[in-house]
Amino acid sequence: MVPEGLLYSEDHEWIKVGGKTGRVGITHHAQEALGSVVFVELPEVGSRVAAGEALGVLESVKAASDYYSPVSGAVVAVNEELPDSPNLINEEPYDRGWLVELELDDPAQLDKLLTAEKYIELISADGK
Amino acid sequence: MKWRLLNTGNRSGFDNMAIDEAIMLLQAGGVSPPTLRFYGWSPPSVTLGYFQKTGETLDLEACRRLGVDVVRRPTGGRAVLHDREVTYSIIAPEENPAVRGTVSESYLRLSQGLVLGLRLLGLEVSRNRHSGSAAKGPACFEGPGLYELVVNGRKLAGSAQCRKGGCVLQHGALPIVNDSHTLFRLLQFPSESLREEKRLIYCQKATSLEEALGRPVSPEEVIAALAGGFSQALGMVLEPGELTDEELDMALKIKLEKYGNHELE
C-alpha cells in the first residue's frame, strides 16, 4: 500500500507533485497506526508552512495527532470533503483522503524525500 | 529506562493542561526527560477534547455558577469533570519503549501499568477491547473506549493521547469519587427529565475508586500504587523530581496564550 510515483516523508506523509504544486496526505501505514479518524483540522488557505512543521491535527480513536508538511510552501487548497467525511483518510488515504495542496517554495526540497521503495524500507525497519 | 516522577499536587485545570503541554514541547526540543506525572484539580474543572465543541456540550453558565473551570485538553476524547481524582500523564518520545508503536499498541502497553497499579491497590480490573466509537454521548465516562479500564462492567479510568513533535502525551483520570450530579448539571440537555434519565444511565456505566474498593482512599495511596504498577509493568526506573524553571516558564506562556481570559471560544 505504498504507491509508486509519490514522495514520502519520514513523518509518514506523501506528496504528489504536479508542476509548482503538490497534494499532501498521510500514508496508508499512518492511517492504520492512528485508527479511525474522527476529526480533521485543516490549515487556512493562504497560510505558510515550513518543511517538517505541523499542518494540522487529526483526531483518531482517543488520540489527537499532528500531521506535518513534507516541504515548505503556501497552502493553496484544503480538502473540503474531510470535515464531514474524515473516514476518507482511512478508506482512501492516497485519493479522496488527501489533506492539503501546497505551492512549493523550493522544488529542491523534494530531493530530501523518500521514494516508495525507501519508504517501504523505513516502515519495515521501525516496525511501527 | 529512567523516568522522572512528578507529583505536582492540586492545581487549576489551566495550569494542569499547560504543564503537560510544556513538558511535551520541551521534550520535543530534547530538554525535558521522559516523565510520569501525577496531579489533582482545584478548583474542579471540566476538560473538553481537542475537537469538542464547547457550546453544544456544556452549559457554560452552570459551570460559572458552580465554580467549575472549563479548559480544553491537547488530547482527544470527550468531556470529563475532574474533581476528587488522581490524574496521571505520561510524556515520552515516540521511540521510547513504553509508548512506541501505533496508538492502540501504546494504549495497550500503558494500560498494563494501570492494571497492575490498581491490583496493588486491591482492585481487579479488566480492559475494554473495543473502541469507544459506539458511545455517542458528550460525557467521556459514558462508555469505555479502547483498552480502558472496567470494573464489573463499569468504566473506572479514561485516557486520551496526543502526538506532537515526535512525542506522545497520554493522560488519564481515575476518579476517587464520582459526582454524577455535578457533571450532569454542567451538560446541556433539552429537558430535566432527560438530564436525570441520562445521569442514571451514566451511573450504571461509570464507577470510582472508592465505590469499587468499598473503602475510603487517599490520592497519595493511589499515586504510590500506580507508580508501582507503571514501574513494574513497563520497567520504568522512577526518579522523583521537580518541574524545571524552563518548564514552569513555558507552562505560564502556554496558559496565557491559550487560556489568558479563562474563556473558551
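**Entry 1: chain B overall**

I began with the secondary structure of chain B and counted 9 helices and 11 strands. I note at the outset that this is a predicted model.

I then looked up the dimensions of chain B. Along its principal axes, the C-alpha trace spans about 50 × 45 × 35 Å. I compared the radius of gyration with the globule rule: a compact globule of 265 residues would have a value near 18 Å, and chain B, at 17 Å, agrees with this.

For burial, I recorded that 49% of the 265 residues in chain B are buried. I also looked up how far apart in sequence the contacting residues of chain B lie. Of the contacts between residues at least 6 apart, 77% join residues at least 24 apart.

**Entry 2**

Strand β1 (residues 7–8) pairs with strand β2 (residues 13–18) of chain A in the antiparallel sense, over 2 bridges. Within this pair, I found A:Tyr8 bridged to A:Trp14 of β2(A). The two strands form a hairpin with 4 residues between them. In that turn, I noted a positive phi of about 75° at A:His12.

I next took the other partner of β2(A). It is joined by 6 bridges to strand β3 (residues 21–26) of chain A, and the two run antiparallel. Here A:Ile15 has A:Val24 in β3(A) as its bridge partner. This pair also forms a hairpin, with 2 residues between the strands. The turn holds A:Gly19, for which I recorded a positive phi of about 65°.

**Entry 3: the nonpolar core**

I looked up the largest nonpolar core and found 104 residues in it. Those with the most contacts inside this core are A:Leu99 from chain A, together with B:Ala22, B:Val46, B:Ile90, B:Leu186 and B:Val222 from chain B. Helix α1 (residues 13–28) of chain B gives the most to this core, with 9 residues.

I then examined B:Val222 and set aside its neighbours within four places in sequence. I found B:Val222 in contact with B:Val86, B:Leu121, B:Leu174, B:Leu209 and B:Val217.

**Entry 4: where chains A and B touch**

Which elements of chain A give two or more residues to the side that touches chain B? I first noted that the contact takes 15 residues from chain A and 21 residues from chain B. The elements in question are α1 (28–34), β6 (54–60) and β7 (63–68) of chain A. I found that β7(A) gives the most to this side, with 4 residues. By class, the side of chain A that touches chain B has 7 nonpolar, 4 polar and 4 charged residues.

I also checked the strand pairing of β7(A) across the two chains. This strand is joined by 3 bridges to strand β9 (residues 154–164) of chain B, and the two run parallel.

How values were computed. Residues are numbered from 1 along each chain as its sequence is written. Chains are lettered from A and ligands numbered from 1 in the order in which they are written. This is a predicted model: local features need pLDDT of at least 70, side-chain atom pairs count only at pLDDT 80 or more; totals for chains, interfaces and linings use all residues. The radius of gyration is taken over C-alpha atoms; the globule rule is 2.2 Å times the number of residues to the power 0.38. A residue is buried if 20 or more other C-beta atoms lie within 10 Å of its own, exposed if 12 or fewer, and partly exposed in between; C-beta atoms are placed from the backbone. Two residues are in contact if their C-beta atoms, placed from the backbone, lie within 7 Å. Two strands pair if DSSP finds at least two bridges between them. A nonpolar core is a set of buried Ala, Val, Leu, Ile, Met, Phe, Trp, Tyr and Cys residues joined through C-beta atoms within 7 Å. Ala, Val, Leu, Ile, Met, Phe, Trp, Tyr, Cys and Pro count as nonpolar, Asp, Glu, Lys and Arg as charged, and the others, Gly among them, as polar.
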